[in-house]
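Here is a short report on a predicted model.

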Amino acid sequence: MRSQCIWTPCKVLTPLSFKPSSFFTFSFSKQLLLPDKSVAAISSTRRGISSYPSLMASSPSLKDAVSTQQPLQVAKRLEKFKTTIFTQMSSLAIKHGAINLGQGFPNFDGPEFVKEAAIQAIKDGKNQYARGYGVPDFSSAIAERFKKDTGLVVDPEKEITVTSGCTEAIAATMLGLINPGEEVILFAPFYDSYEATLSMAGAKIKCITLRPPDFAVPIDELKSAITQDTRAVLINTPHNPTGKMFSREELSTIASLCIENDVLVFTDEVYDKLAFEMDHISMASLPGMYERTVTLNSLGKTFSLTGWKIGWAIAPPHLTWGVRQAHSFLTFATSTPMQWAAAVALRAPESYYVELKRDYMAKKEILVEGLEAVGFKVFPSSGTYFVVVDHTPFGLENDIAFCEYLIKEVGVVAIPTSVFYLNPEDGKNLVRFTFCKDEGTLRAAVDRMKEKLKRK
């Protein structure tokens with residue numbers, strides 16, 4: 001008879017003698033939450049982060065406790081994907097009392113009228129499972145918003161799938177429409193869930209690198225990459241982490257290649273309302289593209305409600321079928337009262353979006369001017385709430401070493417961009433800052449860097 005094991009909440013063990021000199025990650029092991037590689041089973045970060053085998057020698061009791069545990073297990077297709085950089089950096093921000101300009105979540109709340117709508121929905125008893133592919137009123141609101149933004153009329157019953165955040169929409173799209181062995185083309189740097197979900201789908205990944213200063217699409221390289229085995233191209237515009245917005249010319253060229261080669265396009269547009277220096281163009285709106293495009297979006301970025309995890313996928317019925325099949329067995333349904341509130345949000349007057357853009361442009365100006373004054377080379381950011389900079393003027397060997405120094409010695413968090421590339425070397429000179437923070441926080445971070453960060 002197999003013994004039973006009761007799982008309990010993990011506790012962080014931090015021996016006083018443990019003084020890390022580089023990044024570390026956390027992994028769950030029954031009752032323990034341990035720094036990276038304290039035993040072989042404990043996971044490390046996805047790429048390029050240092051480890052701490054010395055911990056075990058400094059803590060015999062910890063070693064004894066761990067030795068009784070079974071090795072952590074994970075399917076081979078996920079072995080390379082460990083604690084995300086965002087979880088790791090947020091933990092380090094707390095540990096070192098650093099100002100977190102790393103992970104892209106606002107430190108201010110969403111609009112009152114949306115929160116009140118959620119409260120009212122809960123009071124009205126809208127608390128049971130929603131229809132699997134979305135509350136009808138919310139689906140209608142998505143269709144209305146999409147028509148305003150793109151001019152396209154979609155059927156909310158047949159062409160819209162509500163998901164638990166855009167991350168689930170991405171996963172449902174990959175798992176529902178990509179067969180094992182089919183090729184998908186990504187543009188690096190890329191949001192880290194893309195590679196992980198494609199690996200779960202068994203896809204072959206081809207990567208086209210966007211390079212500073214303008215991160216333009218290398219069209220000739222893209223043409224060479226598309227083959228008879230290419231199933232889809234995944235685009236993120238406005239682009240995380242660079243802030244690049246794909247131009248109409250770039251999108252039209254990609255569209256022509258996809259039509260010519262019968263390739264699908266998955267387009268992540270969660271930052272569509274944070275377009276500062278040019279108008280956002282949705283790939284689905286280009287001639288001949290709606291029938292081969294899945295448009296992915298969410299509520300969180302536009303309404304500063306990232307914790308609600310409300311997303312959606314818009315696609316023609318023949319593609320929506322695959323998305324919904326995967327969604328049905330991932331989460332089945334998304335939070336009912338939050339969907340009712342999200343419908344209210346999407347019907348906000350245009351003045352809301354005007355004010356949103358104005359507020360973020362002011363925040364962006366504070367951060368960009370501050371980073372330039374500190375001595376960074378700041379690359380143009382036309383959208384999102386991110387800015388990418390070249391850290392090399394400060395003399396650290398790579399982005400990991402720089403971000404470590406920035407947290408421990410300066411008290412500010414940035415994200416090393418090498419984790420967003422298939423080849424980490426491509427991102428070793430770049431780090432990402434976010435400006436989705438209140439102006440006081442941004443100014444405080446700039447002041448810390450001006451005081452403590454010196455060019456070498």
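## Cysteines

The disulfide count is 0. A pair would need its cysteine sulfur atoms within 2.5 Å.

Cys258 has 0% relative accessibility, so it counts as buried. Cys207 has 23% relative accessibility and therefore counts as partly exposed. The cut-off for buried is under 20%.

## Thr197

Thr197 sits in helix 7, which runs over residues 193-201. Its relative accessibility is 5%, so Thr197 counts as buried.

What does Thr197 touch, leaving aside its neighbours within four places in sequence? The contacts are Ile170, Ala171, Met174 and Leu175.

## Helix 15: length and cap

Helix 15 covers residues 439-452, which is 14 residues. At 1.5 Å a residue, helix 15 should span 20 Å.

Asp438 caps the N-terminal end of helix 15. One of its side-chain oxygens lies 3.1 Å from the backbone nitrogen of Gly440.

## Helix 15: the buried side

Which residues of helix 15 are buried? They are Thr441, Leu442, Ala445, Val446 and Met449. These residues cover an arc of only 135° around the axis, so they lie on the same side of helix 15.

Terms used. Residues numbered from 1 in each chain as written. Predicted model: local features only at pLDDT ≥ 70, side-chain atom pairs only at ≥ 80, totals over all residues. Heavy atoms only, no water. Helix = DSSP H or I, 4+ residues; strand = E, 2+ residues; numbered from the N terminus. Expected span 1.5 Å × (residues − 1). Buried < 20%, exposed > 50% of the residue type's maximum accessible area, 1.4 Å probe, protein only. Arc of directions from axis to C-beta. Polar contact = N/O pair within 3.5 Å; in protein donor to acceptor, adjacent residues only side chain to side chain. Contact = heavy atoms within 4.5 Å.
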